[in-house]
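Please find below a short note, in numbered points, for a colleague who is new to this structure. The points should be read alongside the sequence and the coordinates.

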Amino acid sequence: MFVLVTGAGRVGAAVARQALEGGHTVSVLDKDALSHERLDQGMETTWEESGGRFTVGAALETSALIAAGIEQADVFVAATGGDNTNLVVAQIAEKRFGVSRVITRVLDPARAEWYGQRGGIETICGTRGAIDMVSSSIVTSKAGD
Amino acid sequence: MYVVIAGGGKVGVNLAKELLAKGFEVTLIEQRRDRYTVLEDVLEHAVQYGDATEMWVLERAGVLRADLVVAVTGDDEDNIIICQMAREKYMCERIVARVNNPNNVEHFELLGIRPYVSATNMILRLIEHEVPNFGFVHLLELADDKLEIIEVEIASGSPADGQRVSDVALPEGSLIISVLREDGGLVPTAETVLTAGEEVLVVLSPGLETQVAGIFTGTQS
């Protein structure tokens, strides 16, 4: 599968590396050229030597998305630092480029839930997960008292 | 009439002031703490502090009973999300969005965020109107119907100069609808002869502008 990841932050870079190790074709788009360093971390060779692609450009620039290969993408991952950027670029991937699987990282639980139910794109909310885990830890520690 | 404005920059604040002066009920939402403090002195209870892309902030501002939501923040993605939620989640029928970067107009179009206003594009249109170097002027754009009308002056020696309307080789999807002469405009027939110095109005499909204008200006696209 061809996986396109926008945003090479902690989440995006780790997801991209794992997808590449899993044998997929992986392309990463980030506006910061230095974010590339995060992709090389923990790898024996550089990102490109391992077969990965990297494009410098903003997620909302159509030409950058095309250069990064969105027209060939089977999976699109929106993982930039901005919830609204992710939600907009994910909808572009789904509506304009017809990417079959679009996964969006959204930190705000409310927007993640609403856009997830709205359809078309899949939303992943790490904050929701953290809230649930911390809450259940509190319950467990109380039970242990 | 109740209006919620997202974004307390120059546009948002002046809009809020104008609407308040007209007797509208207005709430302005500003997310920067320091800016909010400044605005509070001027707008008092008509300004609220918060990120207008957060649902609870919109709800606190009374988005559910808003007749109009105006998204004029400095971030296009924020303006898109605010309008999407206002319309689809809070059933607000009327929205107005600001486009900061004209390259993002295509995203507003794709996601149906309309009407939108792009100051850059509006100024560009005015420049086109004032500076004839562009060769043609956009008079009207019917985006939904994929039609537009341009005005172009016939240059001496251009392919159209001295031709009858029926002999001008216009591409399919374009039509001369008016000829503007010194003594007034007319709707041409196939026999009308075009002369340098006159202006024509042409209705055409978007994308044909340069090709069509070239026939009257003599410049190749």
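Which residues have the most contacts inside the largest nonpolar core?

1. The model is predicted, so its local features need pLDDT of at least 70 and side-chain atom pairs count only at pLDDT 80 or more, while totals for chains, interfaces and linings use all residues. Residues are numbered from 1 along each chain as its sequence is written, and chains are lettered from A and ligands numbered from 1 in the order in which they are written.

2. The largest nonpolar core holds 74 residues, and those with the most contacts inside it are Ala16(A), Phe76(A), Ile5(B) and Val69(B). Such a core is a set of buried Ala, Val, Leu, Ile, Met, Phe, Trp, Tyr and Cys residues joined through C-beta atoms within 7 Å. A residue is buried if 20 or more other C-beta atoms lie within 10 Å of its own, exposed if 12 or fewer, and partly exposed in between, with C-beta atoms placed from the backbone. A second, separate core of 16 residues includes Phe136(B), Val152(B), Leu194(B) and Val202(B).

3. Ile5(B), leaving aside neighbours within four places in sequence, is in contact with residues including Gly12(B), Leu15(B), Val26(B) and Val72(B). Contact here requires that the C-beta atoms of two residues, placed from the backbone, lie within 7 Å.

4. Chain A has six helices and six strands, and from the N terminus on its elements run β-α-β-α-β-α-β-α-β-α-β-α. Helices (H or I, at least four residues) and strands (E, at least two) are DSSP runs, numbered from the N terminus. Of the 145 residues in chain A, 41% are buried.

5. Val99(A) is placed in the loop between helix 4 (83-95) and strand 5 (101-105) of chain A. Is this residue, Val99(A), buried or exposed? Val99(A) is buried, because 22 other C-beta atoms lie within 10 Å. Leaving aside neighbours within four places in sequence, the contacts of Val99(A) are Ile70(A), Ala73(A), Phe76(A), Ala93(A) and Glu94(A).

6. In chain B, an open sheet of six strands has the order 3-2-1-4-5-6, with parallel pairing; two strands pair if DSSP finds at least two bridges between them. Strand 3 (47-49) and strand 6 (116-118) of chain B stand at the edges, each with a single partner strand, so one side of each is left without a neighbour in the sheet. The twist averages 20° from one strand to the next, where axes are lines fitted to C-alpha atoms, for helices over the stretch in contact, and angles run from 0 to 180 degrees between N-to-C directions.

7. Strand 1 (residues 2-6) and strand 2 (residues 25-30) of chain B pair in the parallel sense over five bridges. Helix 2 (residues 33-43) of chain B packs on the sheet and touches strand 2 and strand 3 of chain B.

8. Elsewhere in chain B, strand 9 (residues 174-181) and strand 11 (residues 199-204) run antiparallel and are joined by six bridges. In this pairing, Ile176(B) stands opposite Val202(B). Strand 9 and strand 10 of chain B form a hairpin with two residues between them.

9. The contact between the chains takes 14 residues from chain B and 16 residues from chain A. On the side of chain B that touches chain A, the largest share, four residues, comes from helix 4 of chain B.
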